[in-house]
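The sequence and structure come next.

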Amino acid sequence: MSSEPTVPVTDAATPGSSATAPPLTSRKTPLLDRIPVVSQLRQSMGLQRFMLVAGLLILALFVLVAALAPWIAPYSWAQRSVDGVKFGTQQPPNPLNIWGTTVGGFDVFSRTIWGAQTAILAIVCAIAFSIFLGIAIGLLSGYFGGWLDRIFVVIADAIYSFPSLLLAIVISIVISGGRSTLWSGILSAAIAITVVFVPQYFRVIRADVVRIKAEPFVESARVIGVPTHRILTRHVLRNSLRSIPVIVTLNASEALLTLAGLGFLGFGIDATAAAEWGYDLNRSVADASSGIWWTSIPPGLAIVLVVLGITLVGESLNDLSDPRLRRRRRAGGAA
């Protein structure tokens, strides 16, 4: 949504109207063109539209499964028996356990479904922490500049040297001693991703703010005495968020992979605290050599599909955010 001056449109003269003072109307951008992702979907065509729609469908299914997990999953994530009958360990798919059981005696289908809730919680926490800090720091640094800007730029450059997974392991040990409950495991991944991704939000927002603060409409707001906080939020920030959806998709996939990496390495969430796909993959490594495929394919495929959906959306948004591509589309439409 742009704060640039609107284009005045003169209504046609009518009998009895003044020719010197015609009424003016504001030509506003349609609402659908101001909503992130929806506006890109309306602009897309061909292969890009297919990729964007496919990614959105995968993500919609993922969110739906997470929201309806209590109704879709036949058992709890840590349940090992029903009506006094134990599931058994490493059982192949059967009427009681349609996707079989794990080496720990858990129902594979139930843990895969409940794992979607754990994954989406980690993604939401990581994005919320990263986007809040990154945008706030980038906005202040780009607008005020000076020594504050130099300090933030140096810190952002230094953070890039930290491997996200190693940082997540250290934070997991600090927070929970390496044995995580649901929220401590999610926070470990979210904080690690926040530290790594804040510089990306910071760089993008800062670059846009440095450009936008020199625009005439911002200078005009300063001259007429608009308060600084209003200039930052109403004029500068609103015009600096166009690239954020692309970074959000990168952040989301990295959060999911970090959570799965922690679980696979043994620093994730305990099996009795919540279902987590990385932990289930770790426990199924020995099964693969014994021909027991049903314990590893569902959680592994879930990770791949979610990351694929996020990647398809991110790549499509990245292409559609290219101003040269937008100009070519406008020219083609005009022709």
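I began with a charge and a ring: the charged end of Arg-111 lies over the ring of Phe-106, at 5.2 Å from the ring centre. The model is predicted, and I read each value below as computed from it.

Next I looked up aromatic pairs. I describe a pair of aromatic rings by the distance of the centres and the angle of the planes. The count came to seven aromatic pairs. I then took up the pair of Tyr-143 and Phe-144: the ring centres are 5.2 Å apart and the planes stand at 85°, so the pair is edge-to-face, because an angle over 60 degrees counts as such.

Are these two residues buried or exposed? I noted Tyr-143 as buried, with a relative accessible area of 10%. Phe-144 has 47% relative accessibility and counts as partly exposed.

Last I turned to the backbone.

Asp-83, not a glycine, has a positive phi of about 55°. I located Asp-83 in the loop between strand S3 (81–82) and strand S4 (85–86). Its relative accessibility is 78%, so Asp-83 counts as exposed; the cut-off for that class is over 50%.

Gln-90 also is a residue other than glycine with a positive phi, near 55°. I found Gln-90 in the loop between S4 and helix H4 (108–144).

Key:
Residues numbered from 1 in each chain as written. Predicted model: local features only at pLDDT ≥ 70, side-chain atom pairs only at ≥ 80, totals over all residues. Heavy atoms only, no water. Phe/Tyr/Trp six-rings, centres within 6.5 Å; stacked < 30°, edge-to-face > 60°. Buried < 20%, exposed > 50% of the residue type's maximum accessible area, 1.4 Å probe, protein only. Lys NZ or Arg CZ within 6 Å of the ring centre and 35° of its normal. Helix = DSSP H or I, 4+ residues; strand = E, 2+ residues; numbered from the N terminus.
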